[in-house]
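Welcome, and please open your viewer. We will go from stop to stop, selecting residues as we go.

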Amino acid sequence: MSNLYPSLEDFKYDLLMNSKHPASNIGTHLRGVANGIPHSGAIIQNGHQKYSATSEVGSLYPSFSNGHHIGAHLDHDLYSIGAQSSSVSVPGKSAFIAPLSGYSQAHRYQPSNTIRPVVICKDSIGKVGLRLASVQGGVFVVLVYANSPAAMAGLKFGDQILEINDVPVAGYSMNKVHELIKKASPDELRFAIRDRPFERTVTLHKDQNGLVGFIFNKQGRIVSIVKDSSAARNGLLIDHNILEINAQNIVGLDESEIRTILDNCGDVVILTVMPSKIFETMIKETDPKLIRKNMDHTAPDI
């Protein structure tokens, strides 16, 4: 089984630690790591393998003063994220290795694109707390009301509804979908859900200045990537909208609120993103004020 890594930094670090070549021959696997790469050892404990780094990691990224970036000018704020955890357990034969990122409970919330059943009971006024939209012939969740039955059932922005009470809804108008929900029993509304098919996650690491190397606008759209940054190395793309930061939904929040979450989320950030064209299609029929006021922005307990 091939090893799996949450970020390129984790991959390069693991490669370096397992290389037979001296660190001096590895060169740029990790930028700015102090003269002498941090030493690590493998420890077997209760059937788990632990990696631990004992030396301090220096700056992983170059200075942004040279202005090398993709997209816009560097007249916006930059954000980044980094190597908070120095150890990770790898249970049994699991191939998930994260010597720098560490394992975060946020990984549990990453989009899986798999199908799951969801059963919801309506609230006292017959509502489930969802707003839906049609995208490319499919039915998608665009708003989950905070503290609603839908929120408590774990539905998320971008989930695709495949069936409602065993009725396939692909190609249905929103009026027809809403009628199905309205007529359903208040005690059991059954959904078949494909988990966020248009979304993906990217794990980034802050440098010593607290930067990951991307610029976003007030709508949460990524407009620029800094060359040689963690964002660039890990494949973050422009023209994608940020939906979640460490599993916390930020759709509808303003720029300052997103900035605060990024600043305070720790050294490792897991961004959930969606192509901006898809995002804009999803929300075009929904008032931004409605999303901001009602969206479930609760930070998960991770």
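Which residues are linked in a network of salt bridges? Select Arg 116, Lys 156, Asp 159, Asp 195, Arg 196 and Glu 244: these are the linked residues. A salt bridge here is a side-chain nitrogen of Lys or Arg within 4 Å of a carboxyl oxygen of Asp or Glu.

Before going further, a word on what you see: this is a predicted model, in which local features need pLDDT of at least 70 and side-chain atom pairs count only at pLDDT 80 or more, while totals for chains, interfaces and linings use all residues. Residues are numbered from 1 along each chain as its sequence is written, and side-chain values use heavy atoms, with hydrogens and water left out.

**Stop one: inside the network**

Keep Lys 156 and Glu 244 selected; their side chains form a salt bridge at 3.6 Å, N to O. Lys 156 sits in the loop between α2 (149-152) and β8 (160-164), and Glu 244 lies in strand β14, 88 residues apart. Helices (H or I, at least four residues) and strands (E, at least two) are DSSP runs, numbered from the N terminus. Glu 244 is buried, with a relative accessible area of 4%; buried means under 20%, exposed over 50%, and partly exposed in between (1.4 Å probe, protein chains only).

Next, pick Arg 196 and Asp 195, whose side chains meet at 3.3 Å, N to O, in a salt bridge. Both residues are buried.

**Stop two: another pair**

Now select Arg 190 and Glu 188, which also meet in a salt bridge (3.3 Å, N to O). Arg 190 is partly exposed at 29% relative accessibility, and Glu 188 is partly exposed at 40%. In total, the structure holds 14 salt bridges.

**Stop three: Phe 191**

Move to Phe 191 in strand β10 (residues 189-194). Phe 191 is buried, at 4% relative accessibility. Show its surroundings: beyond neighbours within four places in sequence, its contacts (heavy atoms within 4.5 Å) include Arg 116, Leu 130, Ile 161 and Ile 181.
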